[in-house]
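Please open the model in your viewer and keep the selection panel at hand. The tour below moves from stop to stop, saying at each one what to select and what is there.

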Amino acid sequence: MRTGAFLYPWDVDGDPAAPDLLAGLGLAQVTLAAAYHSTRALSPRHPAHRVVTAEHAAVLYPPDPARWAGRALRPFPAGDWAPGDAYGRAAEALAATGLEVHSWVVLAHNSRLGAAHPETSVVNAHGDRYPWAPCIARPDVRTLLTGLAAEAAVRPGAAGTELESCGWYGLAHLHAHDKTSGVPLGGDREQYLLSLCFCPHCREGYATEGADPEELAAAVRRALAPVWAGTGPAGGLGDLETPALAWRARTARSFQEAAVAAVRAAAPPGFRVLLHADPDPYRCGADAGTDPAHVLRLADGVVARPPKVAAFAAHARPGTVLAANLPVVTGMGGAPARLAADAGRARADGATELRLYHAGLASDEDLAAVRTALRELG
């Protein structure tokens, strides 16, 4: 199976040995971050650093001044963790080994944007803002993110792109010194209810679907009351369930359409566009909730976690890319020693390709297991 691996520019830029090491794994492509959120990451083989702190969401190349002139909302350049055109330097070094480079673009996940422009953030039913989650219903946010999609995706030499967080974001976020485990909020229902946005644009949107936004917010609070009390799971929204989801689904669909259209308009012929996606329309986060039939008419394919690939396979056409995202970092819950077996199960679910998360974070031992598995897979 055609296999690609995720990578940060700082894993390659300044390390002359990295490109040949990665090419020697048996990969066909590298999905290289061009726009990414804040993170603290290990880079276990780099000769100049071993821990990289990306202090805020940033583009990892110089943004085009002409594109963003006069705009209040614009991408933030990276600091010293990815200076200048770190993406371009890494991409050039990787391409020199024969690896195909695709860009990796994170869209609706940006805590720096929320800090600088609080009004752009998702607001939950209790009135709390999520500065890491831009509300994709806001016209100014959509203009920013579609422009970012086009610029960050279509970097020189890139053969395609993979758009992450191309939809609703919400509660789920590994925030600095996270203290949210005192009440169990890990269920899909709780995540969804705490991710419903009640900014002015979303309130207006719920109203267009026939739901009173104040009644909907009150219903969300009532549904969550047993969770806060520790007496049971979250409840339902009754008659307000349908209009709430209808607004969310309609907004996500139109945002995905606009983002993909912006990339297509900027890209050369044959440029491949994939979305990180989940078949559950309630899902918020990096793998945004989608309608599988719709997203596969829109994009060239998806990157999805197994076994959710199967839900997309039911709507695939000839040539559709269904890339199963498999973790291969043991310290992050991956199992590189089981990669060949996991790939076989993903193929049975309909996967046509593999994505490995994450070659730059993996130990030498993990990468040795990946190399062995890819040789076995042929």
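Leaving aside its neighbours within four places in sequence, which residues is Arg283 in contact with? Select Arg283 and you will find it in contact with Asp188, Asp278, Ala288, Gly289 and Lys308, where contact means heavy atoms within 4.5 Å. Before going further, note that this is a predicted model, in which local features need pLDDT of at least 70 and side-chain atom pairs count only at pLDDT 80 or more, while totals for chains, interfaces and linings use all residues. Residues are numbered from 1 along each chain as its sequence is written, and side-chain values use heavy atoms, with hydrogens and water left out.

**First stop: Arg283**

Arg283 is found in the loop between strand 10 and strand 11 (288-289); helices (H or I, at least four residues) and strands (E, at least two) are DSSP runs, numbered from the N terminus. Arg283 counts as partly exposed because its relative accessibility is 26%, given that buried means under 20% relative accessible area, exposed over 50%, and partly exposed in between (1.4 Å probe, protein chains only). Show the side chains next, and a polar contact of 3.4 Å joins those of Arg283 and Asp188. A polar contact is a pair of N or O atoms within 3.5 Å; within protein, one must be able to donate a hydrogen and the other to accept it, and residues adjacent in sequence count only if both atoms are side-chain atoms.

**Second stop: the largest pocket**

Turn now to the largest pocket, whose volume is about 1800 Å³. For the terms used here, a pocket is, on a 1 Å grid over the protein atoms alone, an open set of points where a 1.4 Å probe fits, with protein on both sides within 12 Å along at least five of seven lines, and lining residues have an atom within 4 Å of a point. Grid points are joined across faces, edges and corners, and a volume is the space filled by probe spheres set on the points. Of the 50 residues that line the largest pocket, select His37, His109, Tyr169, His173 and Leu174, which are the closest to its centre. Elements that give two or more residues to this lining are strand 3 (39-42), strand 4 (51-54), helix 6 (188-195), strand 10 (272-278) and strand 13 (321-327).

Select Arg355, found in strand 14 (residues 353-357), which is buried because its relative accessible area is 0%. The side chains of Arg355 and Glu353 are joined by a polar contact of 2.9 Å. Not counting residues up to four places away in sequence, Arg355 touches several others, among them Gly4, Gln29, Glu162, Arg272 and Asn325.

Ser165 lies in the loop between strand 9 (160-164) and helix 6, and it likewise counts as buried because its relative accessibility is 0%. Although Ser165 is not a glycine, it has a positive phi of about 55 degrees.

Most residues other than glycine have a negative phi, and most peptide bonds are trans. Select Pro306 and Pro307, which a cis peptide bond joins with omega at about 5 degrees; Pro307 is in the loop between strand 12 (301-304) and helix 11 (309-313). The peptide bond from Tyr357 to His358 is also cis, with omega near 20 degrees, and His358 is found in the loop between strand 14 and helix 13 (364-377).

From there, select Val329, which, leaving aside its neighbours within four places in sequence, is in contact with residues including Tyr357 and His358. Val329 is in the loop between strand 13 and helix 12 (339-348) and counts as buried because its relative accessibility is 6%.

**Last stop: helix 3**

In helix 3 (residues 86-95), select Ala86, Tyr87, Ala90, Ala91 and Leu94, which are buried. Why are they on the same side of helix 3? They cover an arc of only 125 degrees around the axis, and this puts them there; the arc is that of the directions from the helix axis to the C-beta atoms. These buried residues pack against strand 1 (2-7), helix 1 (18-23), strand 2 (29-36) and strand 6 (100-106).
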